[in-house]
Amino acid sequence: MKKPPRKTLTAPIRRVRFVWVAFFFCVWTVAIGSRLMWLQVVRHSEFLERAQRQQQRTFEVAPRRGVLYDRNLRELAMTVLVDSIYAVPSELGDNKASDAQILAKIVHVDPKDRFTSEPQIEARLDAQRNFAWVARKVDADTASRVRELNLKGIYFQKEFKRFYPNGEEAAQMLGYVGTDDDGLGGMELKFDSVLHGQPGHVLTAIDAKRHVMGSEERDPQPGENLVLTIDSNIQYMAERALDAQMAKVKALHGTIVVQDPNTGQILALAVSPRFNPNDRHHMDAELLTNRAVSDVYEPGSTFKLVTYSAAVDAAGVEPTDIVDCQGGSINLYGRIIHDDKSDMGMGKVTVERALEKSSDVAAVKLALKLGPQKFYDYMRAYGFGQRTGIELPSETRGLLRPPRRWSATSIGSLAIGQEVGVTPVQLVTMVSTIANGGMYLPPHVLMQETDEQKGDPKLKPVAFHPETSLPMQLPEGAHRVISERSSAKMRMMMQGIVQEGTGTPAQLNGYSSAGKTGTAQKFDRETHSYSHTKLVASFAGFAPVNHPAISVAVVIDTPTVGSLYGTTVSAPVFREVAQEVLEYLGVPHDQPLKTQQQMMLAEKTTDADDVPDEQVGDLTAMFDAVNSLPPDDPLRQPANAAAMAENAQMDAAKELAKENAPAPQHGWWTLPDKVLTAFHANGDTTSVMPDAGEGAPKVQPPEVRPAVQQNKDAVLVDAGKRVAVPDFTGQALRDVVENSERAGLHVQTVGSGVAHDQAPVAGTMVPLGTAVVVRFTR
């Protein structure tokens with residue numbers, strides 16, 4: 001019997017379940033797709049950056065700082081490679097304290113250097129795991145002694161260090177740098193962006209186990225080199241002569257500026273005392289100021305050259321004209337101006353003789369003959385009351401008020417070099433203007449910026465060879481002040497000062513010379529008048545007379561031993577410097593050579609000392625002049641002195657900030673933001689090691705703000721509210737600055753030491769923001 005076929009069993013399809021399953025898979029597909037879209041498209045750059053951070057390490061490679069050359073391509077500032085010592089604390093184990101003690105005994109050679117003290121080293125070793133500095137930029141002997149210890153976890157890294165081969169030579173002009181090669185003064189600060197260069201980078205790829213797989217480098221671009229107009233030989237001559245005279249007369253400060261009158265190039269700029277830029281930890285803040293451009297003084301009789309030359313050029317005065325000195329006294333609107341006692345009784349003499357005798361009465365009469373506005377125009381044409389534009393930081397404009405702010409007797413004070421503040425660079429430029437035929441040439445110390453190094457055939461030395469005429473193409477800012485005829489007359493009269501007047505100690509052997517002495521009084525707190533013992537002695541001149549090769553200004557502040565006048569203090573320094581420089585340059589003699597006895601006889605026949613002129617000005621004039629300066633002038637920002645004092649300690653503050661700041665974390669390593677090189681060496685081993693963490697913000701130098709509000713170029717004071725001027729007598733500079741700020745006043749400092757006198761006097765009611773002139777003496 002045939003069986004019937006089996007029926008196929010089929011499960012019923014539940015349409016609802018199918019729909020839900022299909023819907024689930026669709027949602028899942030959309031979610032996965034959206035998530036992939038979000039991760040791979042929207043956040044692609046973010047994850048790419050994170051991957052690069054995990055797989056790559058970027059090291060910044062510091063560039064080599066540019067070289068400062070003198071005109072003969074002698075290195076004045078250069079960069080050398082030195083060793084820095086660091087530790088990997090995780091490799092030290094339990095030996096951190098003992099290693100810190102051992103290392104400190106070697107690297108901590110300077111008590112002022114807190115960074116290398118034992119507690120500081122141990123603190124850094126405890127605070128970090130993968131990197132900690134032990135000492136930076138050590139000398140070869142220290143590095144060798146640490147290498148001999150062969151301590152585990154101690155490594156060496158090459159860093160660039162600024163080195164000044166000549167030590168203190170031209171220190172104020174060159175300036176100095178900090179630990180991170182940032183310019184902090186002088187040319188180093190002025191041209192920091194040019195000298196610093198562009199850093200390079202090293203891109204290193206690593207695997208999950210932190211093994212180096214390869215690297216890509218971008219070389220740093222070294223800074224540009226600067227060739228200066230300075231001749232290091234002339235600089236040495238000037239500094240040697242200045243230091244010897246400073247020691248002899250025991251003065252506070254001294255400055256010598258040697259200039260080429262036909263180009264305006266500065267051949268030497270010597271300031272004494274100086275500092276050693278190689279030893280940043282022992283810098284005296286008072287020595288950091290470049291007094292050749294940042295300090296002013298009342299020039300005294302040297303300023304009479306402006307008065308006489310203006311009268312000769314604009315008023316038709318001839319050297320042979322007769323001027324009545326009226327017995328050495330003149331009444332100027334109720335104020336009596338006297339000549340020196342030795343010249344009392346001098347009556348009618350030639351203009352030339354009046355200049356040789358440095359007659360105040362004659363100078364006042366010539367200024368009155370000119371009139372206020374014309375006299376002021378000549379002072380401005382000579383560059384007084386304005387910046388010269390020299391390539392040095394913190395240059396002041398000096399003090400020179402416009403005629404509308406003069407008192408009735410100001411013209412008489414200005415005629416003899418009072419109620420005006422000048423810098424040594426302004427003074428030497430004025431003398432050069434007379435020497436070169438009457439053309440003002442702005443002074444400058446920078447000859448060229450170049451990428452070439454010494455030894456490159458494209459870079460050649462530019463030895464100084466004196467010219468007898470002005471260049472065909474005059475520099476920007478050059479202008480005529482007096483005519484060539486007037487210049488020739490002034491050169492003749494200035495030669496007479498050296499031959500028969502107050503400047504006979506400035507006579508040279510085999511060369512003619514010309515110049516003017518000056519002695520200015522300083523204010524005495526005890527007598528509330530200008531002192532007869534605290535003086536500024538100066539001499540400004542040039543040689544030879546007919547074809548001047550050099551101009552020299554010598555300013556010595558507060559000599560205390562022997563005769564204190566410009567005739568006996570500064571004129572002999574001019575003679576020594578000018579004689580040596582002219583012989584060094586090979587300038588032909590224009591006069592017969594004299595024997596030593598003849599030179600001594602000529603010096604003994606000095607007509608008279610250029611004693612200080614009677615002070616007919618007062619501190620109120622300087623007080624008014626300071627408050628009329630724009631706020632960017634260094635004289636309006638005396639707090640710069642405090643800021644400059646902080647510069648010497650700035651690097652210690654930077655290191656202190658690095659010690660207390662946590663290092664940035666990147667993956668497993670503590671990585672730096674900046675290194676000099678990605679490699680280190682310890683014995684024969686080499687491997688990639690991280691540099692110091694510098695994630696902490698840098699400690700910036702104190703920002704100096706003017707104590708008055710500014711509106712573009714105007715200085716605004718609150719004339720509605722008045723405050724009493726505090727008594728600053730006997731206070732130190734920092735205390736004076738702090739007390740003046742509390743009172744809402746500005747302060748202008750003159751000199752150094754402790755405050756001795758001020759203007760206005762204590763108790764005077766003045767508007768908020770007013771500047772007070774305070775004189776400091778030791």
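Which residues does Thr 302 touch, not counting residues up to four places away in sequence?

1. Basis of the note. This is a predicted model in which local features need pLDDT of at least 70 and side-chain atom pairs count only at pLDDT 80 or more, whereas totals for chains, interfaces and linings use all residues. Residues are numbered from 1 along each chain as its sequence is written, and side-chain values use heavy atoms, with hydrogens and water left out.

2. Thr 302. Contact here means heavy atoms within 4.5 Å. Thr 302 touches Leu 427, Met 430, Lys 516, Thr 517, Gly 518, Ser 538 and Ala 540, residues up to four places away in sequence not being counted. Thr 302 is placed in the loop between α11 (291-294) and α12 (304-314); helices (H or I, at least four residues) and strands (E, at least two) are DSSP runs, numbered from the N terminus. With a relative accessible area of 0%, Thr 302 is buried. Buried means under 20% relative accessible area, exposed over 50%, and partly exposed in between (1.4 Å probe, protein chains only).

3. The chain overall. The chain contains 24 helices and 31 strands. Of its 778 residues, 54% are buried. Among the contacts with a separation of 6 or more, 75% are between residues 24 or more positions apart.

4. Helix α5. In helix α5 (residues 118-127), the buried residues are Gln 120, Ile 121, Arg 124 and Leu 125. They lie on the same side of α5 because they cover an arc of only 135° around the axis; the arc is that of the directions from the helix axis to the C-beta atoms. Pro 119, Asp 126 and Ala 127 are exposed on the other side of α5.

5. Aromatic pairs. Rings of Phe, Tyr and Trp (its six-membered ring) pair if their centres lie within 6.5 Å; planes under 30 degrees apart count as stacked, over 60 as edge-to-face and the rest as tilted. By this rule there are eight aromatic pairs. Tyr 176 and Phe 275 form an edge-to-face pair, at 5.9 Å centre to centre with 80° between the planes. Tyr 176 lies in the loop between α7 (171-174) and α8 (186-190) and Phe 275 in the loop between β10 (266-272) and α11, so the pair ties together parts that are 99 residues apart in sequence. Tyr 176 is buried at 3% relative accessibility, and Phe 275 is buried at 5%. Elsewhere, ring pairs link Tyr 86, Trp 133 and Tyr 155 into a cluster.
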